[in-house]
Structures are given as structure tokens and as C-alpha cells.
Amino acid sequence: AADQEKGQPNMSSQQSPLTIGIRLSIMMFLEFFVWGAWYVTVGNYMGANGMGDAIYWAYTVGPIAAILSPFILGMVADRFFSSERVLAVLMIIGGVALYIAPSVVGEGGAGSKTFILLLLLHMLCYMPTLGLTNTIAFTHLKNQEVWFPLVRVFGTFGWIGANILVSEVMEADMTSKPLLVAGGAGVLMGIYSLTLPHTPPPSKGKAISVRDILGLDSLALLKDRSFLVFMASSLLICIPLAAYYAYAPVFVADAGISNPAFQMSFGQMSEVLFMILMPFFFKFLGVKRMLLFGMFAWVARYTLFAAGAGAGAVEMGANSVYWMIIFGIVLHGICYDFFFVTGQIYVDQKAGPAIRAQAQGFLVLATQGIGMLVGAQISGVLINRIVIGDGAAKLKNWEEFWIYPAVAAFVIMVVFLFLFKDDPKRAVTEEDVAKAAGTEELV
């Protein structure tokens, strides 16, 4: 208690690294279990309950929360309260909001606006917890480059486990059960957070600066043309990316593939594999080629989806359709790791120690915030204009829909190829990958 009154973490010094690692791994597992349980299924649930034309709003609330969460962290959590207590309160409030969200949905999609508002409340509570869990982990792991990757990977396991439970085991993709599971898990996570090691507010006593919170000092890096090209490309590539997060599970279901959330989990499985292999690829490819491979994987993914939609439904006997779509999903490991994690490493190398954290925050604001927000809105307009009808006609419309993000990603890739100049400062290590993985906002 004395240690806590002095504002010093006390549990790390009293318990073995293995014990701390296990406790933090459970934290990460629950953290991403909550997100994975509802995020992949909510589109199909909304479509089955008369809210199909509002699916894109369910994937707009996350970017809005990503833009606002730095203020919640910077003005409250980082300065006035211990991280584990803020984590507990946010997870419980967010969990309750998610749990009651299906209860407001009526016949024919009635109550959809209230449903979206409850999702927004949940995400406003949830997004800051991504930073809080990383803060707690980095505070209490003594050998971070060894332990953090092992702890953080349990977050991905939590996402995969949630997809398997609600989709493969419960077969509940079209029902409200995933929202109830996620809400209950959120409350459980909140209670568990109260048992985590005490983590004092890291910025206690420091002046609050909107400039620091938004990372405006990192704008000076935009004077470097290659950095400007990288930031612009990162923001723009997230616009077509939003179509994948919002509508890939719906497309998988329309293509006749059962348990779509379970099928989507193969993307997270490949993410784990490519995260392990990243230092090896860096040695031979370098930053520019890694980023280009990530962009090309997006082009290939959307092209495969379009080709799969044009070939017909799986239930009609076109087995090649299944493999085209699944391969497009498995490309997530390259899409995410090669672009986002590489991008975070590039920013870390370009920014000096004084603005490193600000630069990472600016990257998240541009990509997971502004880029995904614009992308969700555009994809919603496209889906509601293009993807209508049933059966083969609807799949033909899906083919047209996926061509748009494929072309957009291709154009961005070509511009990046000619305008970006690789300027590596040093070799990339496993520690660099671990640090970058710790700053991610979306799985």
C-alpha cells in the first residue's frame, strides 16, 4: 500500500517475470477477445435484422473513437488516475453498452440509430484501453523486447478465439449472441483489471497540451518529401481498407461460405506468422519494398474477392471460389504486418526521441482515424448503391464493388513506388517489430 501511495508500481518487483507475464497475457487475451467477438459479426447481424443499409455506420464509430481517444488518455488517464482503474471503468461501461445494444433493435431495423449510438459509446470507452493495456504491459515487463511479443500475441489469440467461439462453435454470426458474449467479456475484463499490478498515471503533474496530444510537433517531419508521401499514402490506403473491415464478412456470407467470422480468423492467424518472420523479410527487402508488398497484397486481396464474386457462390459448386476468397483473407498477414507494422517502424526511425511518441500518435490519427472514417463512409455509399438483389445477381454486384478498392489501392501503390525514397537508418530487429506491434490500433 505504501508503494501505491508513493505512486510506484509494486507488484512487478514482488512477483516473478513469468507470473507477471501470465497475468498480462490474460489481460491482452480478454482485451482483444471483446473486440473480436462482435466486430466481425456485427455486419451480418445488422443485415439479418433490417439494418443492412447502416452497416457502414457500425464501422464508422471506431475511427471516430480513434480520433477522440487521445484526448481521453492524454487529459484523464495519463494524468489523474492509475491505468488499471481507468481500464476497469472503461471496460465495464463499454461492456454494458455492448450487452444492451441488441435490446433496442426492433422489427424491420427499428432502433438502428440507438443501436449505432450504443456501439459508439462502447468504442469511445474501448479505444483508449488499447493504449492503457500497452502502458500497463510496458510498465511491468522488465525485459520488454523478450516478454512483450509473447504477451501481445495473446491479444491476437483472443481475437481468434472469439471468432472461433461465436462463429464455429455457437454458429451465431447472424444473431445478437456475439454482442452479448462481447459485452459480458468486457465486464469480466473490467473486473479482472482491478487485480492487475498498480500502474500510476505516467504523466501525473505534467501540463495538458492539445499540441502534444495531437502530435502536432511531428508535422515538422512532413518537410521530408518521402515522409510526406508515406503519410499521404498511409491515410489514402486506409480508405479502401475500410471496405474490408466493414464488408468482407458480409461478402463471405453472401458467397455461400458458412461461419464467416471463423473464416475471417484465418487472417489473424497469418498475422501471427508474418509478425514472427518480419525481421527476416526486412533483412532482404528494406522499408520501401516491405511497404510495397503490403500495398500489393491489398490489391491482390480485392482482386481475388472480385474474381470470386464473379465466379459464383460456393454452394453452387464453384469450389475454386472458396479458395480465392480464403486466400484473400489469409493475405491479411502481409497486408497488415508489411504495411502498418513496417510503417510504425519507419516512423520510429525517422522521428527523434523527443517527438517519437507524438509521431506514432499522428500516424494513428491519420490512418485508423481519418483514413478509416472516410473509407467507412465511402464504402457505405458504394455498397448501398451497388450491392443489391439476391443470389447470382447480388454476387455480380459484389464483383463490381470490390473492383473499386482494388483500383484505388493499385493507384496509391504506383504513386508510392515512384515518389517514395527509402532512407534506412539501421537494421530492423525483433525488438523494433515488438515495439511497433504494441502501437497498433486495429487487428
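**Helices first**

Guide: Helix α15 has 19 residues, and from its first C-alpha to its last it reaches 26 Å, close to the 27 Å expected at 1.5 Å a residue. Keep in mind that this is a predicted model.

Visitor: How many residues of α15 are buried?
Guide: 19 of the 19 residues of α15 are buried, so the helix is largely enclosed by the rest of the structure.

Visitor: What about α10, how far apart are its end C-alpha atoms?
Guide: They are 24 Å apart. Helix α10 covers residues 177–193, and its 17 residues should span 24 Å at 1.5 Å a residue, which agrees.

Visitor: Which residues of α10 are buried?
Guide: Among them are Pro178, Leu179, Ala182, Gly183, Ala185 and Gly186. Met189, Gly190, Tyr192 and Ser193 are also buried residues of α10.

Visitor: Stepping back, how many helices and strands are there in the chain?
Guide: The chain comes to 18 helices and 0 strands.

Visitor: And what share of the chain is buried?
Guide: Buried residues make up 56% of the 443 residues. The chain exposes about 17600 Å², with carbon and sulfur atoms supplying 67% of that area.

Visitor: What share of the contacts is between residues 24 or more positions apart?
Guide: 85%, counting the contacts in the chain with a separation of 6 or more.

Visitor: Where is Leu236?
Guide: Leu236 is in helix α12. Its relative accessibility is 41%, so Leu236 counts as partly exposed.

Visitor: New topic. How many salt bridges does the structure hold?
Guide: It holds 3 salt bridges. As background, side chains of opposite charge can pair when their charged atoms come close.

Visitor: Which residue does Asp224 meet in a salt bridge?
Guide: Lys350, at 2.7 Å from N to O. The two come from distant parts of the chain, 126 residues apart: Asp224 is in the loop between α11 (210–214) and α12 (225–254), and Lys350 is in helix α15 (residues 332–350).

Visitor: Is Lys350 buried or exposed?
Guide: Lys350 is buried, with a relative accessible area of 15%. Asp224 is partly exposed, at 30%.

Visitor: What does Lys394 pair with?
Guide: The side chain of Lys394 meets that of Asp254 in a salt bridge of 3.3 Å, N to O. Lys394 lies in helix α17 (residues 391–419) and Asp254 in helix α12, so this pair ties together parts that are 140 residues apart in sequence. Asp254 is partly exposed, with a relative accessible area of 27%.

Visitor: And which residue forms a salt bridge with Lys396?
Guide: Glu399 does, the closest N and O atoms being 2.9 Å apart. Lys396 and Glu399 are 3 residues apart in helix α17, so about one helical turn separates them.

Visitor: Why does a spacing of three or four places matter in a helix?
Guide: An α-helix has 3.6 residues a turn, so residues three or four places apart point the same way.

Visitor: Which residues form the nonpolar patch on the surface?
Guide: Ile403, Val407, Phe410, Val411, Val415, Leu417, Phe418 and Leu419 form it, with about 720 Å² of accessible area together. Val407 is found in helix α17 and is partly exposed, at 46% relative accessible area.

Visitor: How many disulfides are there in the whole structure?
Guide: The search finds 0 disulfides. For reference, a disulfide is a covalent bond between the sulfur atoms of two cysteines. Cys238 counts as buried at 0% relative accessibility, and Cys335 counts as buried at 1%.

Visitor: Last one, the backbone. What is the phi of Glu171?
Guide: Glu171 has a positive phi of about 50 degrees, although it is not a glycine. Asn259 also has a positive phi of about 50 degrees and is not a glycine.

Visitor: Where is Glu171, and what is the place of Asn259?
Guide: Glu171 is in the loop between α9 (144–169) and α10. Asn259 is in the loop between α12 and α13 (260–311).

Visitor: Is Asn259 buried or exposed?
Guide: Asn259 is buried, with a relative accessible area of 15%, whereas Glu171 counts as exposed, at 58% relative accessibility.

Conventions. Residues are numbered from 1 along each chain as its sequence is written. This is a predicted model: local features need pLDDT of at least 70, side-chain atom pairs count only at pLDDT 80 or more; totals for chains, interfaces and linings use all residues. Side-chain values use heavy atoms; hydrogens and water are left out. A salt bridge is a side-chain nitrogen of Lys or Arg within 4 Å of a carboxyl oxygen of Asp or Glu. Helices (H or I, at least four residues) and strands (E, at least two) are DSSP runs, numbered from the N terminus. Buried means under 20% relative accessible area, exposed over 50%, partly exposed in between (1.4 Å probe, protein chains only). Patches are made of residues with over 30% relative accessible area and no salt bridge: like charges are joined within 9 Å, nonpolar side chains (Val, Leu, Ile, Met, Phe, Trp, Tyr) within 5 Å. Accessible areas come from the Shrake-Rupley method with a 1.4 Å probe; for residues, only the protein chains shown count as cover. The expected span of a helix is 1.5 Å times one less than its number of residues. Contact means heavy atoms within 4.5 Å. A disulfide is a pair of cysteine sulfur atoms within 2.5 Å.
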